[in-house]
Amino acid sequence: RDGDTTISKCPADYVVALYSTFCERFDTLLVEKLSYQTPSKLRELLDSCSASTIFDTVCDLGCGTGLSGLAFQDISKQMVGVDLSPDMLSKAKERGCYAQL
């Protein structure tokens, strides 16, 4: 549309800059302040459907600091994490649950 300034998605450089600015306090903000429980809730749901499944590879898209990696590492032979922010990937690497980032 003529003159339309609507964007369909955030530019990658904006996302990288945004998450890089608060990667140090990301987990505190999400888990402690906002009571973020998505990884553990997803794990509970998966366990209720297939309690004893071990996956060859689990790919964590938008892995951030690796909160989902912690929740799923024991049911994966290999965890792969993907994220736009190098700073978030550094935090995920510190968790030690990803074979590849």
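**Reading a chain and its pocket**

Author: Let's start with overall shape: a compact globule of 101 residues would have a radius of gyration near 13 Å, yet this chain has 16 Å. That radius is taken over C-alpha atoms, and the globule rule is 2.2 Å times the number of residues to the power 0.38. Keep in mind that this is a predicted model, where totals for chains and linings use all residues. Residues are numbered from 1 along each chain as its sequence is written.

Reader: What box do the C-alpha atoms fill?

Author: Roughly 55 × 30 × 30 Å, taken along the principal axes.

Reader: How many helices and strands are there?

Author: Helices (H or I, at least four residues) and strands (E, at least two) are DSSP runs, numbered from the N terminus. Here you'll find five helices and two strands, in the order α-α-α-β-α-β-α from the N terminus on.

Reader: How do I read the largest pocket?

Author: Rolling a probe the size of a water molecule over the atoms shows where empty space is left. On a 1 Å grid over the protein atoms alone, a pocket is an open set of points where a 1.4 Å probe fits, with protein on both sides within 12 Å along at least five of seven lines; lining residues have an atom within 4 Å of a point. The largest one holds about 380 Å³, the space filled by probe spheres set on the points. Its lining has 24 residues, and Y36, D60, G62, C63 and G64 are the closest to the centre.

Reader: Which element gives the most to that lining?

Author: That's α4, with four residues.

Methods
This is a predicted model: local features need pLDDT of at least 70, side-chain atom pairs count only at pLDDT 80 or more; totals for chains, interfaces and linings use all residues. Side-chain values use heavy atoms; hydrogens and water are left out.
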